[in-house]
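Me: Please bring up the model. I would like to go through it step by step.

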Amino acid sequence: MTYQAPSASFLFTIKTLGRAFGFAHEYLQDDLVSAVIQEADRLAQNTIVPLRKQGDRIGAKLDGQKVTMPPGYVQAYAEYCAGGWNAMPFAQEWGGQNLPWLLSSAVDEIWHAADMAFGLCPLLNKSALELLLAFGDDKQKQIYLPAMMRGHWSGTMNLTESNAGSDLSAIRCRAEHHQDHYRIY
C-alpha cells in the first residue's frame, strides 16, 4: 500500500487560512511550507507506511513489565525524533522549532494517513506537552519538557471508566439539563 501526501492541497489550505485569519507567521512562506511537507511525505513514504501491515499483524506485546513493538517502529520513531518532528510547534526555549500550529497540523495529518498506529504517539505527546506548558510548574517543565521534545520520553493518554475499564467502546454517558447548563454523567 502506498501513500503520498496531498502537498499542493496542504500548501493551498495553509496559504488560504493564513490570509483568511490574518496569520502573519514568518514561517508560513511557501518555500518553507513546501519543503516541510515534502520532507514529512518522504519520511511517511519511506519509513512509516511500510510499518502498517506488520503493525496490524504482529502488534505490540506486553511481557511482564516490558512492551515489545513490532519490527521497525522503534527505528521509525527514532528517525522521526531525529528530524525534529516531535517539537515542531513548540517554543525554542524548550527544544522546539517554533513553527506554526497550522503547519504542524498538516504534518500530523501525514503521519496519521501513513499509519494511524504510529501517528498516535506523536499526537498524544503533543497533547501532554501542551498540558505541561499551560499548567506545569517550573520544576515540572524543567524535568519533562526537554526529554519529551526530543522524544526520549512520551506523553500518553490514560482513560478509564468505572463500568468500562479501558474499553472506551463500553463507556456510556448522558447529559442532564440543570438550570442554565448540562451535567455530564
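Reply: A salt bridge here is a side-chain nitrogen of Lys or Arg within 4 Å of a carboxyl oxygen of Asp or Glu. The model is predicted, so local features need pLDDT of at least 70 and side-chain atom pairs count only at pLDDT 80 or more, while totals for chains, interfaces and linings use all residues. Residues are numbered from 1 along each chain as its sequence is written, and side-chain values use heavy atoms, with hydrogens and water left out.

Me: How many salt bridges does a search of the whole structure find?

Reply: The search finds 4 salt bridges. One of them joins the side chains of Arg42 and Glu39, at 2.8 Å from N to O.

Me: Where do Arg42 and Glu39 lie?

Reply: Both belong to helix H2, residues 30–48, and they are 3 residues apart, about one turn of the helix. Helices (H or I, at least four residues) and strands (E, at least two) are DSSP runs, numbered from the N terminus.

Me: Which residues are linked with Arg42 in a network of salt bridges?

Reply: Glu39 and Glu79 are linked with Arg42 in that network. The side chains of Arg42 and Glu79 meet at 3.8 Å, N to O. Since Arg42 is in helix H2 and Glu79 in helix H4, this pair ties together parts that are 37 residues apart in sequence.

Me: How accessible is Arg42?

Reply: Arg42 is partly exposed at 36% relative accessibility. On this scale, buried means under 20% relative accessible area, exposed over 50%, and partly exposed in between (1.4 Å probe, protein chains only). Glu39, at 35%, is also partly exposed, and Glu79 counts as partly exposed at 31%.

Me: Which residue forms a salt bridge with Glu176?

Reply: Arg174 does, with the closest N and O atoms 2.8 Å apart. Glu176 is partly exposed at 35%, and Arg174 is partly exposed at 48%.

Me: Changing topic, how much space lies in the largest pocket?

Reply: About 490 Å³ lies in the largest pocket. Of its 19 lining residues, the closest to the centre are Met69, Tyr73, Ala117, Phe118 and Cys121. On a 1 Å grid over the protein atoms alone, a pocket is an open set of points where a 1.4 Å probe fits, with protein on both sides within 12 Å along at least five of seven lines, and lining residues have an atom within 4 Å of a point. Grid points are joined across faces, edges and corners, and a volume is the space filled by probe spheres set on the points.

Me: Which helix gives the most to the lining of the largest pocket?

Reply: H6 gives the most, with 5 residues. Helices H3 (52–58), H4 (73–82) and H6 (116–135) each supply at least two lining residues.

Me: And where does Met69 lie?

Reply: Met69 lies in the loop between strand E2 (66–68) and H4. At 39% relative accessibility, Met69 is partly exposed.

Me: Next, where is Leu131 found, and is it buried or exposed?

Reply: Leu131 is found in helix H6. Leu131 is exposed, at 52% relative accessible area. The C-alpha atoms of Leu131 and Gly155 are separated by 9.9 Å, and the two residues are 24 residues apart along the chain.
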